[in-house]
Amino acid sequence: MVNTNKIVGQNVKKYIESKGIKHSWVMERTGIKKTAYYNFLKGEGNVEEYVAKINKLFRIKDPFFFYKADMEFKEKTFERSRSDSFMNHVALSFHGTVDEELKKGMHLFSEFVELIDVLKSVTNSENPRGQSIDYKR
């Protein structure tokens with residue numbers, strides 16, 4: 001006899017790993033406790049409730065998406081650039097929707113940090129001994 005809950009748990013695990021997302025991130029966003037989450041991935045516990053939360057988080061409309069026995073996900077199928085991935089993770093709210101204003105603000109912040117890194121490396125290369133530089137000459 002095929003255990004449907006076990007298939008669902010395996011499919012959810014493969015899906016999350018194929019997106020390159022950490023399980024801790026999913027637990028935080030869905031509010032599923034660690035023990036219950038890992039039991040869910042084994043097909044145990046309140047599978048229907050947790051599948052609904054996973055579907056909501058990833059905006060999956062088909063409630064039976066994870067119930068298919070022949071699902072396959074390629075490793076890192078949905079891989080994006082590191083900064084895009086970071087921005088999307090930050091911008092996702094606990095309800096699974098993207099806050100565009102926050103996403104724009106985080107992108108601007110990221111560019112600012114990169115600019116500081118560039119300036120710091122340029123300053124260090126001009127001053128390899130760590131001496132203070134007098135810019136008012």
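Phe65 is partly exposed in this predicted model, with a relative accessibility of 21%. Because the limit for a buried residue is under 20%, Phe65 does not count as buried at its 21%. Phe66, in contrast, is buried, at 0% relative accessibility.

The structure holds nine aromatic pairs. In one of them, Phe64 and Tyr67 have ring centres 5.8 Å apart and planes at 65°, so the arrangement is edge-to-face. Phe65 and Phe66 also form an edge-to-face pair, at 4.9 Å centre to centre and with 85° between the planes. As to accessibility, Phe64 is exposed, with a relative accessible area of 56%, while Tyr67 is partly exposed at 24%. Phe65 and Phe66 also belong to a cluster that ring pairs build together with Tyr15, Trp25 and Phe58.

In soluble globular proteins, nonpolar side chains tend to be buried together. The largest nonpolar core here has 20 residues, and those that touch the most other members are Val12, Ile16, Val26, Phe40, Ile54, Phe58 and Phe66. Helices α1, α2, α3 and α4 each supply at least two residues of this core, and the largest share, five residues, comes from α4.

An α-helix has 3.6 residues a turn, so residues three or four places apart point the same way. Just after α3, Gly43 takes a positive phi of about 90°.

Helix α2 contains His23, which is buried at 13% relative accessibility. The side chain of His23 makes a polar contact with the side chain of Glu17, at 3.4 Å. Apart from neighbours within four places in sequence, His23 is in contact with Lys13, Ile16, Glu17, Tyr37, Tyr38 and Leu41.

Most residues other than glycine have a negative phi. Arg59, however, has a positive phi, near 55°. Arg59 is partly exposed, with a relative accessible area of 47%.

The mean pLDDT is 76, and 67% of the residues reach 70 or more. Confidence is highest in α3, at a mean of 94, and lowest in α5, at 56. Over residues 77-81 the pLDDT stays under 50, and the model has six contacts beyond four places in sequence for this stretch.

Key:
Residues numbered from 1 in each chain as written. Predicted model: local features only at pLDDT ≥ 70, side-chain atom pairs only at ≥ 80, totals over all residues. Heavy atoms only, no water. Helix = DSSP H or I, 4+ residues; strand = E, 2+ residues; numbered from the N terminus. Phe/Tyr/Trp six-rings, centres within 6.5 Å; stacked < 30°, edge-to-face > 60°. Buried < 20%, exposed > 50% of the residue type's maximum accessible area, 1.4 Å probe, protein only. Polar contact = N/O pair within 3.5 Å; in protein donor to acceptor, adjacent residues only side chain to side chain. Contact = heavy atoms within 4.5 Å. pLDDT = per-residue confidence, 0-100. Core = buried A, V, L, I, M, F, W, Y, C linked by side-chain atoms within 4.5 Å.
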